[in-house]
Amino acid sequence: MKTIVISPEPLMSVGPVIITRTVVTTWLVMAFITLACWFVKRRLALKPPVLQEGLEAALEAMEKMVKEVLPDIDPWLVMPVVGTLWILIGVSNLAGVIPGLKTPTADINTTFAFAALSYSMTHYFGIKTRGLKGYVRHYVSPSWVLLPFHLIAETTRTMALAVRLFGNMLSGEMTAAIILGVAGLLVPIPFTLLHIVIGLIQAYIFGVLTLVFIAGGTQNET
Amino acid sequence: MRFDFWTFSFQAINFIVLLFILKGLLYKPVREILEKRRDISRKILEDAEMARDEALRMKEVQEREMKNLQVMKADLIEQSRREAEGERKKLLLDAQGSAKDIIEKERALFEAEKKRAGEETENRSVKIVTSMACSLLKDISSEALNKSVWQNLISEAGTIAKNISGSHGPSASSIDLEVRTAWPIGDTELEKFRRTLQSMVPGTSLSAREIADKDLIAGVSIKAGDKVYDFSLAGQIEAFASKLKTGRTIPGGQ
């Protein structure tokens, strides 16, 4: 029977540094993504093959979405961040389907790390586009009384971002494991397929919400 | 579920590392390709715009040339029309002239034919009349009439003798007289006539012989050498017919 471990599983340690199973899986995911991108880059051509066409269509769709949400900013400034979130979270969500691999996003540390990055990027782009004063001012407008509420809202929404992803992925893994233990070998397949769909949707939601947060931080109040 | 600082840090670092990797391996090259393709598309569009502008310019030039050609065509048509009109008038005049000539010729021909037909009709009429007159006179001709004509001839012997003498001259030694009569006059009368004439032309010997000729109807025709003195009714009718043909006058007629 498959055991579901919610806490990080240390695999090795180098001095005080503990390397968990989640991190190793993420490295594998990163290696896969890097290899795939390297493979695609080698075959990039002006007259694109089918694979390149698909990739270009996906990136253009991303660009279009970023443009729609952030019409005043060069989309290619924000796109790498959001795109990397989509790709990394998407592939990580699917990694758990492969036997022997743990879904990195089913670890709260991973989702919190991504959420923290999302939070940091929101501030980074906010300050970059509005300046430090302008950005700080929006926390105290229309009144300084609202500052704590703004801070609480930002903290909670970041936490919600992390917990939503973590909860969805963990529940998917748990459901598959429980049904595998109760019903047998082939029954969890539909649930696994559902888990794949949910994983992709969650990656999309995470990226879109990050985009919306960045847009909220960059837009001037009127 | 517990917070693990190292996992949190590694995952954050992982994300940042992957961000840079993807920037180099994915975003930048794909963006370059997309930009390049957009540039090419833009250039193609610009070329197409330029080609369209050029085509529009050429179209305008062609339209202008077409208008000029239309004007030229209209001028040429007008000029051709004028020339054709002139040529038509000239041809019409020539045709009218030719037609006039032909009409004149045909009219002259017609007149000639008319005249010839008229003359032929007249000749035929004269022939018919002569023939009828001859037939009539043949019916009423008789020896007495012949004698009467003969007697008139004898009384006119002086005139005949003068003519014979005038035409043959005084050097003629003999003249043979061939006397043709419709009715026989007899040797006595013939000799009497010869002697009467002989007495009037003494230097010339006259001989006479009679030849019967019913065609004369009545009267006598005398041949002296190559001269003929006709006192017959047939001769008179022929003379009358000749007068009718030439003079177009009928003696004693209205």
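Strands E1(A) and E2(A) form a hairpin with 2 residues between them. In its turn, A:Gly15 has a positive phi of about 65 degrees. Strands here are DSSP runs of E, at least two residues long, and helices are runs of H or I, at least four long, both numbered from the N terminus. This is a predicted model, in which local features need pLDDT of at least 70, side-chain atom pairs count only at pLDDT 80 or more, and totals for chains, interfaces and linings use all residues. Residues are numbered from 1 along each chain as its sequence is written, chains are lettered from A in the order in which they are written, and side-chain values use heavy atoms, without hydrogens and water.

E1 spans residues 10–14 of chain A. E2 covers residues 17–20 and runs antiparallel to E1(A), with 4 bridges joining them; pairing requires at least two DSSP bridges. One bridge links A:Pro10 to A:Thr20. Of the 5 residues of E1(A), the number buried is 0, so the strand lies largely in the open. Buried means under 20% relative accessible area, exposed over 50%, partly exposed in between, with a 1.4 Å probe and protein chains only.

A:Thr210 is a contrasting site. The residue sits in helix H7 of chain A, residues 188–218. Its relative accessible area is 0%, so A:Thr210 is buried. A:Thr210 touches A:Leu85, A:Ser118 and A:Leu161, leaving aside residues up to four places away in sequence. Contact means heavy atoms within 4.5 Å.

Now to the two chains. Here 49 residues of chain A contact 32 residues of chain B. The buried area is about 3,800 Å², with 75% from carbon and sulfur atoms. That area is the accessible area (1.4 Å probe) the two parts lose on being put together, summed over both. In chain A, A:Leu46, A:Trp76 and A:Asn109 lose the most area to chain B, together 16% of what that side buries.

The axes of H1(A), residues 21–42, and H1(B), residues 5–140, come within 10 Å and cross at roughly 5 degrees. Axes are lines fitted to C-alpha atoms over the stretch in contact, with angles from 0 to 180 degrees between N-to-C directions. The two helices are therefore roughly parallel, a label for angles under 35 degrees. Among the contacting residues are A:Trp27 and A:Trp38 of H1(A) and B:Phe10 and B:Pro29 of H1(B).

In chain B, B:Ile217 lies in the loop between strands E2 (205–212) and E3 (220–224). Its phi is near 70 degrees, a positive value in a residue other than glycine. B:Ile217 counts as buried, at 4% relative accessibility.

Note on methods. Angles under 35 degrees count as roughly parallel, over 145 as roughly antiparallel, 65 to 115 as roughly perpendicular and the rest as oblique.
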